[in-house]
Amino acid sequence: MEIKTVEHLRTHLKVLKMRLMKEGCSELQLYPMFVVHYEKNKERYQLSKEIVFDSACEILIENSNSDT
């Protein structure tokens with residue numbers, strides 16, 4: 001499924017975060033794991049790389065203490 005909107009991207013990142021945490025990733029591993037995921041699946045992301053990584057930073061790093 002292609003990710004074409006910022007809203008869809010944010011939802012995708014939140015789900016990915018929950019999945020990675022369930023798999024045992026620590027908060028410090030979330031962003032690096034996303035970078036690997038993005039590199040393997042970048043054709044799915046129909047937004048600029050800057051938007052994708054800025055959103056990932058916000059959801060996976062900045063909000064990680066308040067979400068858990």
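Is Glu23 buried or exposed? Glu23 is exposed, with a relative accessible area of 55%, where exposed means over 50%, buried under 20% and partly exposed in between (1.4 Å probe, protein chains only). The model is predicted, so that local features need pLDDT of at least 70 and side-chain atom pairs count only at pLDDT 80 or more, while totals for chains, interfaces and linings use all residues. Residues are numbered from 1 along each chain as its sequence is written, and side-chain values use heavy atoms, with hydrogens and water left out.

The nonpolar core is described next. A nonpolar core is a set of buried Ala, Val, Leu, Ile, Met, Phe, Trp, Tyr and Cys residues joined through side-chain atoms within 4.5 Å. The largest such core has 16 residues, and those with the most contacts inside it are Leu9, Leu13, Phe34, Tyr38, Tyr45, Val52 and Leu60. At least two residues of this core come from each of helix 1 (6–22), helix 2 (27–41) and helix 3 (49–62). Helix 3 gives the most, with five residues. Helices are DSSP runs (H or I, at least four residues), numbered from the N terminus. In soluble globular proteins, nonpolar side chains tend to be buried together. With residues up to four places away in sequence not counted, Phe34 touches Leu13, Leu16, Tyr45, Val52, Phe53, Ala56 and Leu60; contact here means heavy atoms within 4.5 Å.

Helix 3 has 14 residues and reaches 18 Å from its first C-alpha to its last, close to the 20 Å expected at 1.5 Å a residue. The expected span is 1.5 Å times one less than the number of residues in the helix. Buried residues of helix 3 are Val52, Phe53, Ser55, Ala56, Ile59 and Leu60. Seen down the helix axis, these buried residues fall within an arc of 160°, so they line one face of helix 3; the arc is that of the directions from the axis to the C-beta atoms. The face turned away from the buried side of helix 3 carries the exposed residues Glu50, Asp54 and Glu62. Ser55, which lies in helix 3, counts as buried because its relative accessibility is 8%. Leaving aside neighbours within four places in sequence, Ser55 is in contact with Leu9 and Leu13.

The structure holds four salt bridges, each a side-chain nitrogen of Lys or Arg within 4 Å of a carboxyl oxygen of Asp or Glu. Side chains of opposite charge can pair when their charged atoms come close. One of the salt bridges joins Arg10 and Glu58 (3.1 Å, N to O). This pair links distant parts of the chain, with Arg10 in helix 1 and Glu58 in helix 3, 48 residues apart. Arg10 is partly exposed at 25%, and Glu58 is partly exposed at 31% relative accessibility. Glu23 forms a salt bridge with Arg19, the closest N and O atoms being 3.7 Å apart; Arg19 is partly exposed, with a relative accessible area of 43%. Lys4 and Glu2 also meet in a salt bridge (3.6 Å, N to O).

A search of the whole structure finds zero disulfides, a disulfide being a pair of cysteine sulfur atoms within 2.5 Å. The sulfur of Cys57 is 17 Å from the closest cysteine sulfur, in Cys25, which is too far for a bond. Cys25 is buried, with a relative accessible area of 12%, whereas Cys57 is partly exposed at 25% relative accessibility.
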